[in-house]
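Dear colleague,

I am passing on the structure we talked about, and my notes on it follow below. Please read them with the coordinates open beside you.

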Amino acid sequence: MAASAADVRSILSIPSQSGTPQATQKKPQAQSARKPEGISRELFSLIGSSAPTLAAQLLKPRLKQKPNLGNRSCVKWEWRSFKNDARSDGLQLGHWTKASTDPTTPYPFSKYNIQPTVYKYTDEEYTQYLQDQAWTKEETDYLFRTIHEYDTRWYVVFDRYEYPGGVSRSLEDMKDRYFSVCRKLVRNRPWTGDEASKSQLIQSFQFDKEREVTRKKYVTSLENRTPEQIAEEEALFIELKRLEQNERRFKRDRDELLRTLAGIDSGLPDVVEDEASLTAPLPGDFLKRKKTKSGIGAESEPAGPSNTIALGPPIIRKPQNAKSAAYDAQHCITRTEQTGSGSTTKAAHQPAFLRSFKIPFPKAALAPRINQGLTELGINPTRLVMPTRDNCSRLEALIEATTAMVETKKTMDKVEYEIRVAKGRLGIRESEEAGAGGGAAGESISTGIPVDAMDVDEAEGGGDDADEELAEDGRAQSVASVRSARGRRQSRRSMSISSVDTSATLPTRAGTKRQKRG
Amino acid sequence: MANERVRVRGLSIFRPIIYGNTATVLTPKEREALPSPDHTHKWTVAVRSAASKDGIDSVGGADDLSYFIKRVAFKLHDTYPNPSRTIDKPPFEVSETGWGEFEIQIRITFIPESGEKAITLYHHLKLHPWTASGDPEPIPPLDVAMKMGPVHSWQYDEITFNDPYQNFLTILTNHPPTPLPKAKRKPVPFHTSHPASLEASKGGVPEFTTVMEKEEADRLEEAKKTVLKQHAEMKLHLEEKERELKRLQKQLGEA
């Protein structure tokens, strides 16, 4: 601050008032002497000499040296007149050129003036090859002249073309005439070069008038669209894209669903599926499966075809006339109802199979008995001599019936066993009633401690005895009663049985016992 | 064209075929000529159309199956040189000599129009004469077997195509199979599932007929009737037993 004040004073040429400014004035001088390069004076006075590192950093970067663009003297240009070799009229024009260029060099742009090959024809050639109903020789001559005059610049030719007394010619007419004449001339004149270059040249004279006209019409109509039409077109295009996208998404979802539901059976990658398969009512399939499952659950029912493999989809014959039936029979065709959920539930295709593959297997648990039963009847449950569709379904029905029978047999065995048990108990009870004392003694021995313990707290339970308990009790007693005649092992088993019984039905059993004893 | 590759829904079409083998005992002379003299039989395993051709002494083969079968691969026992024999054109059969019976894997590939995967089936090569009771009987000596004539073991089956492609269906309907004869003209082909046919199978080259199908249908129906009858009886019996059980339980309960 002090320094700036001194500066102000010196700028305004205010003489220093006291001795102190003298001192202050000396200081900046000393400082400025040490001021490093590249740092402004103001900044230096602010930060002082105490920050040399900072000063070094703030040092102004050295710029690249300005390129030396040469100290040569300026190029000298001069106005010269020149002669264009491409001109035939020998017109003299002038232009600026470097003085250093050789004045004798020819005009460099004259080489770009290339004269196209001019096709000319003699009268003889014209009469021989070039006759055309739409063109007179005079007009053709005029056309060729004009073309030559305007250097085959078609639009100019078209603009300037004005044959006196001739019909108006379109650009395509002229092109067609010109190119066809050229083609014919090239083709019919003796050719010195090789065939390839000849055909290449003919190719370059190729002109399809129709196509050209159509093309121009298209371009015109494209250009003449109204903004509304353009907008509509764009909207339609967007709509189309959107539909395509939707279609793709649907297909993907559908495939996903099929894969999930049908798994490997769907055969998606290689099978071409038509629309019908996609509309198949899948939920119906699930419902059906559920039903069959509940069929297995119901045991008392005569077993259905619950786990047997069905012979393909259920076959419903279509009402058909005799003729188509005969046709189907001849070609071995079976028709199934389309509409029902049965035939089309499986969205996936059922692959080709042999009839015998579809012979059903009986339930695994019952299989040995069913197979035995069928073998006794002279039927092989796994192979048929003639596995036709009818025979396969017959076999299926037979296996079904046998399964039902075997299940009934099982129930019967159970009932018979129960009858035996009940009879046994009745018999024992009778014999027990005959000699009650002995029986009771035997029982107490056989049951041992658990019973004794129970006897201690012979509770007030009891009351009505269920048949079941009674029966079990009877068995325990029966075993006990014969214990004396049998070995020790027997008695131990009986004990265990009775003790199990007791633990299960304590009060009841206790009650019974008391009743019997008393 | 697109219409051609649409599946015809709700339609299944099948073609009856037979597969199996015929085996004959080699004469001692023939055996000497063989590179492996331990071979006792010569046999032919084949896949053919079910109906037999008139005037030709073979089982089946009336139709040329190549209109829907592209190739058949027979996988012989590993001891044979190149055990996998692929036959690309009819007749789809392999002839060999050998001494033992074994399982032959037969793989049928369909023409591409079908869009179907190949199916695989198995045939037990049968060399020794059939016996009524099956395996336990001893194999008769060769000279006895020779007198019994060639052994035939053929299985009838139906290749079923579900929802065929339109163009495949057209191919199939252009080749209706020769129907099986309605009456028995030749011996019946023996089948283990019908041992009673042993006698009827003797005396020449057998032929499949619709009579066989009818017979089997009758047998199945008969068996079903028997089973149903037994089942009905059993049910009556069961009811009776259940009543008895109830009575007994009641008795026990009363006491």
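Gly100(B) is buried, its relative accessible area being 17% (buried means under 20%, exposed over 50% and partly exposed in between, with a 1.4 Å probe and protein chains only). This is a predicted model, in which local features need pLDDT of at least 70 and side-chain atom pairs count only at pLDDT 80 or more, while totals for chains, interfaces and linings use all residues. Residues are numbered from 1 along each chain as its sequence is written, chains are lettered from A and ligands numbered from 1 in the order in which they are written, and side-chain values use heavy atoms, with hydrogens and water left out.

Gly100(B) sits in the loop between β5 (92-98) and β6 (103-110) of chain B (strands are DSSP runs of E with at least two residues, helices runs of H or I with at least four, numbered from the N terminus). Leaving aside residues up to four places away in sequence, Gly100(B) touches Leu125(B) and Leu127(B), where contact means heavy atoms within 4.5 Å. Its C-alpha atom is separated by 8.5 Å from that of His41(B), 59 residues apart along the chain.

In chain A, helix α6 (residues 137-149) and helix α8 (residues 171-188) pack at an angle of about 95 degrees with their axes 11 Å apart. α6(A) is therefore roughly perpendicular to α8(A) (65 to 115 degrees; under 35 is roughly parallel, over 145 roughly antiparallel, and the rest oblique), with axes fitted to C-alpha atoms over the stretch in contact and angles running from 0 to 180 degrees between N-to-C directions. Thr140(A), Leu143(A), Phe144(A) and Ile147(A) of α6(A) meet Met174(A), Arg177(A), Tyr178(A) and Val181(A) of α8(A).

With regards
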